[in-house]
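Dear colleague,

I am passing on a structure that I would like you to look over, with some notes on its charged side-chain pairs below.

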Amino acid sequence: MGIGAVTTIAILAQNLISDEIANDEVTLVAERTPAGESVPNSQPKKQAEPVAAATPRPKPTPSENVTINLINRLVQRGVLTQEDADELIKQAEDDAAKARALAVKERTQPAREEEDTSQIFAEPTPLPLTSANVAQANPPPPAEGPAASSDEEAVDVSYVPEIVKRQLREEIKEEVMKQARDENWANPNVFPSWASRITPFFDFRIRYEGIFYPGGNDNTGAFPNFNAINTGPPFDTTGAVFSPQLNVDRDRERFRLRLRLGAEMDLGDGFTAGFRIATGETDTPVSPNQSLGLANNGQGGDFSKYAVWLDRGFVRYEVGGKPSEDFQVTIGRFDNPFFTTSGIIWYEDLGFDGLAISGRYRVADGVTPFAVVGGFPVFNTELNFASNRPDKFSSEDKYLAAGQLGVNLRFNKDFSAKVASAFYDFENVEGKLSSGFVPLTSSDQGNTDDSRPSFAQNGNTYFPIRRIIPTVDNNFGTKDQFQFFGLATPFREANFTGALDYAHFDPFHLKLYGEYVENIAFDWQDINSKAVNNRGPNLPSGKPGHFAGGNSGWIVGLKAGSPALEKRWDWNVGINYRYVESDATIDGFVDSDFAGNFAGTNLKGYTVFGSLALTPRTSLFLRFMSADSIAGPTFRNDVIQFDLNAAF
């Protein structure tokens with residue numbers, strides 16, 4: 001930019017700062033007074049006064065102070081960045097120096113009185129937007145007061161006619177504001193700069209769900225609700241009432257909604273922070289669904305309000321951010337960092353608490369290995385455990401350490417695949433038998449009570465974790481047997497996941513996927529000696545049957561259609577079949593939809609589904625699921641879900 005650009009910015013600033021700079025004139029003060037001398041007071045003459053004679057004088061040099069002050073004011077108003085301002089100031093200093101040199105040179109030339117006089121009285125005409133041309137079209141009148149000696153520098157004040165000012169305003173407004181909008185630094189209608197670094201997220205789902213039970217299920221008390229027992233007061237196994245039981249014979253229908261709202265914020269230098277809130281009947285890890293009109297122990301009913309929960313909250317550091325190379329460190333509560341194709345290990349919307357580190361790097365065309373490692377607290381012992389004892393019990397903290405290695409493969413433009421193997425090592429999640437004690441009331445606590453799951457679905461094998469000593473106080477074990485139940489096996493899970501995509505008819509894709517998991521910590525003999533569920537029929541002797549559970553699970557499926565619903569009438573359909581034994585994985589973290597209220601493990605069955613996009617942001621989804629139990633008493637159910645989804 002030259003003097004013209006600086007003058008353009010300065011005059012624009014005059015219009016923007018009208019409360020501090022007079023709108024009737026633009027002054028360009030030449031700072032040429034020698035140091036130590038006062039500047040004579042000068043006033044411009046009125047335009048109507050005649051001028052008898054004009055003495056040739058040099059053109060005024062641009063004032064650096066005025067220009068710099070105006071530029072700094074534009075920075076304060078947010079019109080210019082500091083970097084642009086520094087550049088303008090430097091250019092202004094250079095141009096002012098050149099102008100002074102030119103003024104000295106012109107003073108050595110003979111005066112041309114007639115030409116100067118004609119310039120003074122000439123009709124103002126539109127001029128190029130430079131300070132030199134403005135001064136030339138409007139030469140300053142002689143200053144009043146004592147005349148300066150010929151060797152002294154004169155102070156000139158230029159008068160700009162109103163017609164010229166109006167034209168300057170219009171041209172400056174059009175030119176500079178266009179530049180400002182193009183560069184996004186002077187448009188008054190844009191959001192603050194920080195707003196562009198925030199990415200909001202919102203989705204909403206309303207669902208009809210029907211759960212139907214064919215005849216033949218065992219409704220004799222064979223399906224205790226272990227989660228209800230372990231999250232409530234301990235159950236007296238010698239009492240005259242049934243333990244909490246699961247529904248196996250009465251059809252149910254319900255309408256459910258899910259609403260999630262959140263945002264990610266770019267903090268700069270590779271850092272991102274994010275949060276999300278979501279609905280949910282309770283704080284369970286596997287379902288943000290809220291049943292409309294839910295009563296009993298849940299929130300809602302009679303048009304009551306519903307609660308929302310903090311579902312995500314994290315900080316992430318990322319380097320690369322490309323499909324070919326990326327490195328991330330995430331801490332807080334965040335999405336599942338592991339590659340998975342189904343819900344037989346992890347529910348699709350499960351949030352992970354802890355720290356995850358992941359990375360990928362392309363080593364050859366079509367070959368991009370990736371890795372994920374992480375540590376996650378599963379349960380932390382309450383500070384005052386046991387709360388009703390002056391002497392406290394040891395902690396029963398639970399953790400997950402996990403790692404996954406995989407590779408993305410592209411064989412050609414039609415075929416691609418993604419495969420991975422993972423290992424999930426759960427620490428301290430199995431139940432522990434307590435020290436012997438005599439609970440006299442249901443509020444008495446055992447030293448291993450916190451080894452029971454704080455949340456569970458269904459399918460895992462349990463055993464009683466309280467060693468209650470028979471005494472006269474409990475009628476030698478025939479009453480007051482207040483019991484909790486813990487998981488009968490540790491969990492160390494080996495997992496293999498894969499997906500193959502065929503895109504020859506893009507956007508129509510065919511995707512074949514599968515997943516396998518095995519709990520390598522499973523010990524059948526140990527479990528058989530203590531399990532209270534997942535057993536076969538009673539033996540002829542009347543003793544409980546042998547343990548019938550297992551430690552492996554798998555799923556295979558096929559999906560056809562659009563990989564994602566991105567535009568109207570995009571669609572996809574699919575089918576899968578699963579077989580997940582009782583203790584292949586922890587049932588509290590798996591798919592919460594398959595089998596309805598029996599969701600978890602110890603299930604086999606198939607799912608058929610289809611999706612249709614109504615718009616790029618709204619879609620329909622229909623799914624039918626049929627499930628049967630694997631071990632233990634007979635159980636079957638069918639579930640139908642129909643969803644309307646909206647996302648932003």
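R276 and D349 are both buried, where buried means under 20% relative accessible area, exposed over 50%, and partly exposed in between (1.4 Å probe, protein chains only). These two residues form a salt bridge with the closest N and O atoms 3.1 Å apart, the term standing for a side-chain nitrogen of Lys or Arg within 4 Å of a carboxyl oxygen of Asp or Glu. The pair joins distant parts of the chain, since R276 lies in strand β4 (residues 271-279) and D349 in the loop between β7 (325-335) and β8 (351-361), 73 residues apart; strands (E, at least two residues) and helices (H or I, at least four) are DSSP runs, numbered from the N terminus.

Please keep in mind that this is a predicted model, in which local features need pLDDT of at least 70 and side-chain atom pairs count only at pLDDT 80 or more, whereas totals for chains, interfaces and linings use all residues. Residues are numbered from 1 along each chain as its sequence is written, and side-chain values use heavy atoms, with hydrogens and water left out.

Both R276 and D349 also belong to a network of salt bridges that links them with D203, R258, R260, D311, R312 and D335. By the rule above, the count of salt bridges comes to 25.

Another of them pairs R256 with E209 at 4.0 Å, N to O, and connects strand β3 (residues 252-268) to strand β1 (residues 198-212) across 47 residues. R256 is buried at 7% relative accessibility, and E209 is buried at 2%.

Best regards
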